[in-house]
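Here are some notes to go with the model, written for a colleague who likes to see the cut-offs. Please read them with the viewer open.

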Amino acid sequence: MQTILAVETSTQACSACLKQGEEVYLEYELAPQKHADRLLPMVDSVLKQAGIRPGQIDTLAFGEGPGAFTGIRIASGVIQGLAFAWEKPVVPVSTLEALAWQGYQASGQTQWWACLDARMQELYLQACRIESGQLVSEPPQLVSEPKALTMIADSGFGQGAGDIDTVFPNVKATFKHWESVLPSAQAISEIAAQRPEQALNVEEQLPMPVYLRNDVADKKTAPTG
């Protein structure tokens, strides 16, 4: 029986989850700008609910982004600290994958576009599908609204999940089925359980946030020759 502790702070939602086999202990709340204050107490709470000690945890997991810069850094910093202190491996999971997984669990649909507001009139977008109960995904992207509309139309995927309801109503309207959700540490833990081979030993490789916007900026400013 695998025991996984996961945290997720990439949006205004803040959560911690302890998954022990089929048993799940979750702390989740909307806590804008309070993630740094709330996350460790949530971790302590789920451990107490499960009645286990850190030594009984097999793996740590966290929502690596994309999402709010500060929120992602909080989750990665906490997980890095716990991984070193408890000598545990870490599985990073895309925040967007968590949205797609939550959409799948809510509806049973297996083909998803996960969408988050990236500000500056752009979206974080990731195509995901469920195969034999496992989540498979394409790389996440940072795109404009017109680009998002084209990608969604060309893919044939009719389901979307995320938080763009009021910011990008035209994108939401393209989907046959839409799930308004924010990422949860429970989804992070369940995806991490599917990927034990992706666990990182922090003594060899630190789990790092995924920002996307920085990556795009670097590509735009890189010399071309």
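**Notes on the predicted model**

1. Let me start with Glu29, which is partly exposed at a relative accessible area of 27% (buried means under 20% relative accessible area, exposed over 50%, and partly exposed in between, with a 1.4 Å probe and protein chains only). Glu29 lies in strand 3; helices (H or I, at least four residues) and strands (E, at least two) are DSSP runs numbered from the N terminus. Leaving aside neighbours within four places in sequence, Glu29 is in contact with Gln12, Ala13, Cys14, Arg38 and Met42, where contact means heavy atoms within 4.5 Å. Of these, Cys14 is 15 residues away in sequence, and its C-alpha is 5.6 Å from that of Glu29.

2. A word on the ground rules. This is a predicted model, in which local features need pLDDT of at least 70 and side-chain atom pairs count only at pLDDT 80 or more, while totals for chains, interfaces and linings use all residues. Residues are numbered from 1 along each chain as its sequence is written, and side-chain values use heavy atoms, with hydrogens and water left out.

3. Next, the helix pairs. Two packed helices are described by the angle between their axes and the distance between the axes. Helix 1 (residues 35-50) and helix 2 (residues 69-86) have axes that come within 10 Å and cross at roughly 45°. That angle makes helix 1 oblique to helix 2. Axes here are lines fitted to C-alpha atoms, for helices over the stretch in contact, and angles run from 0 to 180 degrees between N-to-C directions. Angles under 35 degrees count as roughly parallel, over 145 as roughly antiparallel, 65 to 115 as roughly perpendicular and the rest as oblique.

4. Which residues make the contact of helix 1 with helix 2? Helix 1 brings His35, Ala36, Leu39, Leu40, Val43 and Leu47, and helix 2 brings Ile74, Ala75, Val78, Leu82 and Trp86. The residues of this contact divide into ten nonpolar, one polar and no charged. For these classes, Ala, Val, Leu, Ile, Met, Phe, Trp, Tyr, Cys and Pro count as nonpolar, Asp, Glu, Lys and Arg as charged, and the others, Gly among them, as polar.

5. Helix 3 (residues 95-107) and helix 6 pack with axes 9 Å apart at about 95°. Helix 3 is therefore roughly perpendicular to helix 6. On the helix 3 side the contact is made by Glu97, Ala98, Trp101, Gln102 and Gln105, and on the helix 6 side by Ala187, Ile188, Glu190 and Ile191. This contact divides into five nonpolar, two polar and two charged residues.

6. Now the rings. The whole structure holds four aromatic pairs (rings of Phe, Tyr and Trp, the latter by its six-membered ring, pair if their centres lie within 6.5 Å; planes under 30 degrees apart count as stacked, over 60 as edge-to-face and the rest as tilted). One of them joins Phe69 and Tyr211, with centres 4.9 Å apart and planes at 50°, so the pair is tilted. Phe69 is in helix 2 and Tyr211 in the loop between helix 6 (185-193) and helix 7 (213-221), 142 residues apart. Phe69 is partly exposed at 29% relative accessible area, whereas Tyr211 is buried at 17%.

7. Some backbone values deserve a look. Most residues other than glycine have a negative phi, and most peptide bonds are trans. Gln33, in the loop between strand 3 (23-30) and helix 1, has a positive phi near 65° and is exposed at 81% relative accessibility. Leu212, in the loop between helix 6 and helix 7, has a positive phi of about 70° but is buried at 9% relative accessible area. The peptide bond from Gly65 to Pro66 is cis, with omega near 5°, and Pro66 is in the loop between strand 4 (59-63) and helix 2.

8. Finally, is Thr11 buried or exposed? Thr11 counts as buried, at 12% relative accessibility. Thr11 sits in the loop between strand 1 (3-8) and strand 2 (13-20). Beyond its neighbours within four places in sequence, Thr11 is in contact with His35, Leu116, Leu182 and Pro183.
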